[in-house]
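Have the structure open as you read.

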Amino acid sequence: SQDAVAGSRFIADWSDGPIKKALNFVSPLRQVLIVGHGTLSEMLVNAVDSEKKTQVRANFRTFQAKGSDAQITLLTLQSIRGYDIAFESMRHKIDQLGYTEEHDVSIMYDRLIADYQPYNPKTVVAISQDEMAFQAAHDIIKTYIEIARLNEPGILADADSEFLHDYRVSLRKVRSVVSLFKGVYSDEQTQTLKQSFSDLMSPTGRLRDLDVYLLDREHYFVLLPESLHEGLSILFDLFETERNTHLKKMRAHLKSPAYNKSINSLLSLFSGSDDLQPGTNADHSAYLYARELIWKRYRKVCKIARAIDLTTADSEVHDLRIHCKKLRYLMEFFSPMFPAKKIKGLIRALKLLQDNLGLFNDYLVQQDSLH
């Protein structure tokens, strides 16, 4: 436990303490959100002998969900020096009573919170080496449509900027599968799917750009002398106003019958429907197909990279970024098929290059915007 900071929504705003330290894996851009309400009751029990000497301590913590009968009790036993036999006896008795020793905290969520949906934007889709390319594409697309949908409530609530970012990444990955898995779907089907997912992405672009500007606000105040801060404040006020306008449009888009009809139709299409038209590569081995796609994209990246020097046009650097992104998506999609340690190392190295290229692109966009 640690003292709370009134009104702080982000872990980065908290003072240093054990909870902040335990949550240091959480992005500073993510807001802490309430997923359930309830009551915690705590009871400390001393197990004593005939001489009233404590031999074992037991701490009971009971979580009771608000508005329901759902509850769970966690028991922690504490041994007392010199009374190891008593401690083992107590553990044995608890085992006999049928209680389970469980360290997975997600069980608490499942039992206490109705309709709880665990959220993991970096889900790895299991693909076996004997799977066909057509089925692999199905599984990947369906997974990322579902992840995109999990981000919708966070976008509507404007909880933090990462919900929109993860939503865009999920749809971008889906679009990449459609365009990169050449020949898995018929040409006509591929064009229809590309257009459908492009339409879903189009309302999100400007809002994301504005989020990037506003997240970097403090950085720009550091860069500029104090005499220019007033003008910078005016600029960011304009960005804030424009962002509010685009957020309203985005909320209206997500709530619209047309959007829900479109995304539900796509989800249904990839959930076992026979309406998808396979292409000439549909029956290829997913493993052999993956190797071919990754190798081809890698060579493309190398060709572009080798030609870059100080005179290279910005547009060509941007092309390199796009091809690196496509290469990484392919490697991530098919990562279950390759040795985990090797593929993770390659993806990590590629991500470093992508981050650099991403900053380069952000600065270009921001320069145009400032002009």
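## Salt bridges at a glance

Glu242 is partly exposed, with a relative accessibility of 26%. Keep in mind that you're looking at a predicted model. A search through the whole structure turns up 13 salt bridges, and here are some to look for.

**A link between distant parts of the chain**
- Glu242 meets Arg206 in a salt bridge, side chain to side chain, at 2.8 Å from N to O.
- The two partners sit 36 residues apart, so this pair ties together distant parts of the chain: Arg206 belongs to helix α8 (residues 205–215) and Glu242 to helix α10 (residues 229–255).
- Arg206 is partly exposed too, at 27% relative accessibility.

**A pair within one helix**
- Lys142 and Glu146 bring their side chains together in a salt bridge, 2.7 Å from N to O.
- Why is about one helical turn the separation between Lys142 and Glu146? It's because they are four residues apart in helix α4 (residues 133–150).
- Lys142 counts as partly exposed, with a relative accessible area of 28%, and Glu146 is partly exposed at 34%.

**A pair with an exposed partner**
- Asp16 and Lys20 also form a salt bridge through their side chains, at 3.6 Å from N to O.
- Is Asp16 buried or exposed? Asp16 is exposed, because its relative accessible area is 71% and the cut-off for exposed is over 50%.

Conventions: Residues numbered from 1 in each chain as written. Predicted model: local features only at pLDDT ≥ 70, side-chain atom pairs only at ≥ 80, totals over all residues. Heavy atoms only, no water. Salt bridge = Lys/Arg side-chain N within 4 Å of Asp/Glu carboxyl O. Buried < 20%, exposed > 50% of the residue type's maximum accessible area, 1.4 Å probe, protein only. Helix = DSSP H or I, 4+ residues; strand = E, 2+ residues; numbered from the N terminus.
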